[in-house]
Amino acid sequence: MDIPQKPLDALVVSPHPDDAELGMGGTILRLIRQGWHVGILDLTSGEPTPLGSVETRTRETAEANARIGEPWRANLGLPNRSLEPTLEHRRALAGAFRRLRPRLLFAPFWEDAHPDHTAATRLVEDARFWGKLSKSDIPGEPFHPSRILYYFSVHLKIVERPSFVVDVSDQHEAKLDALRCYRSQLVDNQPEGRPGVIDAVADRARFWGHLAGVRFAEPFASREPIGLAGLGDLLP
Ligand SMILES: [Zn+2]
């Protein structure tokens, strides 16, 4: 893994290479534009899939990454379709947290029909805890990301229950462009005559934006109360 020069402000842990963009592509771009040092750690290659290959996914991921502001990005190489929150995988992810030292972690929402996604959620939470342990054989200095927030890239047909939403009105089109880069996953395999995944993402962004008084927004959840330093950023 190619480690960035300085610690990350935020790290998005993505079970498959398109989940980060699906759930929070607009927020990633917004944070980067605000000067944050943001990274994405894909846990698996996402392959096999019906229309994909490792080479195709790698190319699509690089193209999508460019459209959301070129966050630092790497792939941990864990097994797709059989991702499990094992001690071995927890150790690998805890080691990555120690090297990347993100202040803020983003994990997939904790309820999902895709077993890789719920395994990823568990892995992020467990690896965050392990990362702070002293007297362990995990490489690197103990480190504990101060907070986990959860983004929505879920295979359940549910309405999200967010703790807050982020205004991504100015990033919405770039996010959709990024999603279209994943042709093998989100474009070429979509049903004819009814909305596809990208349509659903756009509709939900408009829905959450409407509730927040802006054009487009992305929802996030937190298991813990969120402390605010001020109220100046509250939207109408
Ligand atoms: Zn996924």
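Predicted model: local features only at pLDDT ≥ 70, side-chain atom pairs only at ≥ 80, totals over all residues.

Reader: Why is aspartate 18 called buried?

Author: Buried means under 20% relative accessible area. Aspartate 18 has 8% relative accessibility, so it counts as buried. Leaving out residues up to four places away in sequence, aspartate 18 touches Arg57, Tyr182, Gln185 and Leu186. As for distance, aspartate 18 and alanine 113 are 95 residues apart in sequence, and their C-alpha atoms are 16 Å apart in space.

Reader: Let us turn to the metal. How do you know which atoms coordinate the zinc ion?

Author: For this metal, donors are N, O and S atoms within 2.8 Å. His16 (ND1), Asp19 (OD), Asp19 (OD) and His117 (NE2) coordinate the zinc ion at 2.1 to 2.7 Å, so they meet that cut-off. Along the chain, these donors follow the spacing H-x2-D-x97-H.

Reader: What do histidine 16 and histidine 117 tie together?

Author: Histidine 16 lies in the loop between β1 (10-14) and α1 (19-33), while histidine 117 is in helix α4 (residues 115-131), so the pair ties together parts that are 101 residues apart in sequence.

Reader: What makes the arrangement around the zinc ion irregular?

Author: Four donors count as tetrahedral if all angles lie between 85 and 135 degrees. Here the four donor atoms subtend angles of 52 to 147 degrees at the zinc ion, which makes the arrangement irregular. For reference, the ideal angle for four tetrahedral donors is 109.5 degrees.

Reader: And the two histidines, are they buried or exposed?

Author: Histidine 16 has a relative accessible area of 6%, so it is buried. Histidine 117 has 1% relative accessibility and counts as buried too.

Reader: On to α1. How do you know that its span agrees with what a helix should give?

Author: The expected span is 1.5 Å times one less than the number of residues. With 15 residues, α1 should span 21 Å, and its end C-alpha atoms are 21 Å apart, which agrees.

Reader: Where does α1 bend?

Author: The bend is at glycine 25, by about 75 degrees. After α1 comes glycine 35, whose phi is positive, near 95 degrees.

Reader: Why is α1 described as largely enclosed by the rest of the structure?

Author: Because 12 of its 15 residues are buried. Among them are Asp19, Glu21, Met24, Gly25 and Leu31.

Reader: What makes arginine 73 buried?

Author: Its relative accessible area is 18%, and the cut-off for buried is under 20%, so the label applies. Arginine 73 is in strand β3 (residues 72-75). Its side chain makes a polar contact of 2.9 Å with that of aspartate 42. Residues up to four places away in sequence aside, arginine 73 touches Pro17, Glu21, Ile40, Asp42, Thr61, Asn65 and Tyr182.

Reader: How do you know that tyrosine 150 and arginine 223 form a polar contact?

Author: A polar contact is a pair of N or O atoms within 3.5 Å, and within protein one must be able to donate a hydrogen and the other to accept it. The side chains of tyrosine 150 and arginine 223 are joined by such a contact of 3.3 Å. Tyrosine 150 belongs to strand β5, and its relative accessible area of 3% makes it buried. Its contacts beyond four places in sequence include Ala107, Trp110, Glu125, Phe220 and Arg223.

Reader: Which peptide bond is cis?

Author: The bond from glutamate 47 to proline 48 is cis, with omega near 10 degrees. Proline 48 is in the loop between β2 (38-42) and α2 (54-67).

How values were computed
Residues numbered from 1 in each chain as written. Heavy atoms only, no water. Donors = N, O, S within 2.8 Å, 3.2 Å for Na, K, Ca; no water. Tetrahedral: all angles 85-135°; square planar, octahedral: opposite > 155°, others 65-115°. Helix = DSSP H or I, 4+ residues; strand = E, 2+ residues; numbered from the N terminus. Buried < 20%, exposed > 50% of the residue type's maximum accessible area, 1.4 Å probe, protein only. Bend = angle between axes of the 7 residues up to and from the residue. Contact = heavy atoms within 4.5 Å.
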